[in-house]
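Here is a short note for a colleague who has not seen this structure before. Please read the points beside the sequence and the coordinates.

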Amino acid sequence: MSLISLTSSSSNHNSKLYFSKYELNLILSCYSFGVVKGKWKDYSINFNNQEAIFCFYKHTLVSPEYALIKYKNNKKSKFRYRLKDHTNKNKDMENINKLIGYINKKNINIVK
């Protein structure tokens, strides 16, 4: 009896870009803060070969308020992060902590 491998070596290679556990922890903490404040009600995560995208939604049936995009900078082979808001303004940063801080800062309501 001979054994046959059902997977090929090419299919074992996962080439999708994804968020690390640390990155997801930061993003989900930021998202949950927005949920508690009543700003966001839904999210989506999408992955492909070029980017990983986490979207924050005010309502399920509208376009995202924010899309946090992780992508690879081809020149230096480092990851970069882009925040795209509902008006299609982009903010690029090399550090996800700064980007999450920016989102949190924009979503804090000052009560007088």
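1. Burial terms. A residue is called buried at under 20% relative accessible area, exposed at over 50% and partly exposed in between, with a 1.4 Å probe and protein chains only. By that scale arginine 82 is partly exposed, because its relative accessible area is 25%. Of the 112 residues of the protein chain, 28% count as buried.

2. Basis of the values. The model is predicted, and local features need pLDDT of at least 70, side-chain atom pairs count only at pLDDT 80 or more, while totals for chains, interfaces and linings use all residues. Residues are numbered from 1 along each chain as its sequence is written, and side-chain values use heavy atoms, with hydrogens and water left out.

3. Fold. The protein chain has two helices and five strands, in the order α-β-β-β-β-β-α from the N terminus. Helices (H or I, at least four residues) and strands (E, at least two) are DSSP runs, numbered from the N terminus. Among contacts between residues at least 6 apart in sequence, 35% join residues at least 24 apart; a contact means heavy atoms within 4.5 Å.

4. Aromatic pairs. Rings of Phe, Tyr and Trp (its six-membered ring) pair if their centres lie within 6.5 Å; planes under 30 degrees apart count as stacked, over 60 as edge-to-face and the rest as tilted. The count by this rule is 10 aromatic pairs. One of them joins tryptophan 40 and tyrosine 66, which is edge-to-face because the ring centres are 6.2 Å apart and the planes stand at 80°. Tryptophan 40 lies in the loop between α1 (21–36) and β1 (42–47), and tyrosine 66 in strand β3 (residues 66–73), so the partners are 26 residues apart. Both tryptophan 40 and tyrosine 66 are buried.

5. A stacked pair. How are the rings of tyrosine 43 and phenylalanine 54 arranged? They are stacked, because their centres are 5.1 Å apart and their planes at 5°. Tyrosine 43 belongs to strand β1 and phenylalanine 54 to strand β2 (residues 51–57), 11 residues apart. Phenylalanine 54 is buried, at 0% relative accessibility, whereas tyrosine 43 is partly exposed at 37%. Ring pairs join Tyr31, Trp40, Tyr43, Phe54, Phe56 and Tyr66 into a cluster.

6. Nonpolar patch. Tyr18, Leu28, Tyr43, Ile45 and Phe47 make a nonpolar surface patch of about 450 Å². Patches are made of residues with over 30% relative accessible area and no salt bridge, where like charges are joined within 9 Å and nonpolar side chains (Val, Leu, Ile, Met, Phe, Trp, Tyr) within 5 Å. Strand β1 gives the most to this patch, with three residues. Tyrosine 18 sits in the segment before α1 and is exposed, at 52% relative accessibility. The accessible surface of the protein chain comes to about 8300 Å², of which 52% belongs to carbon and sulfur atoms; accessible areas come from the Shrake-Rupley method with a 1.4 Å probe, and for residues only the protein chains shown count as cover.

7. Lysine 70. The structure holds three salt bridges, a salt bridge being a side-chain nitrogen of Lys or Arg within 4 Å of a carboxyl oxygen of Asp or Glu. One of them joins glutamate 23 and lysine 70, at 2.9 Å from N to O. Glutamate 23 is in helix α1 and lysine 70 in strand β3, 47 residues apart. Glutamate 23 and lysine 70 are both buried. The charged end of lysine 70 also sits over the ring of phenylalanine 79, 4.3 Å from its centre. A charge sits over a ring if NZ of Lys or CZ of Arg is within 6 Å of the ring centre and within 35 degrees of the ring normal. Lysine 91 lies over the face of tyrosine 102, at 4.9 Å from the ring centre.

8. Glutamate 94 forms a salt bridge with arginine 80, with the closest N and O atoms 3.1 Å apart. Glutamate 94 lies in the loop between β5 (90–93) and α2 (96–106) and arginine 80 in strand β4 (residues 78–85), so the pair ties together parts that are 14 residues apart in sequence. Glutamate 94 is exposed at 57% relative accessibility, whereas arginine 80 is buried at 18%. Aspartate 92 pairs with arginine 82 in a salt bridge, the closest N and O atoms being 2.9 Å apart. Aspartate 92 is in strand β5 and arginine 82 in strand β4, 10 residues apart. Aspartate 92 is partly exposed, at 32% relative accessibility.
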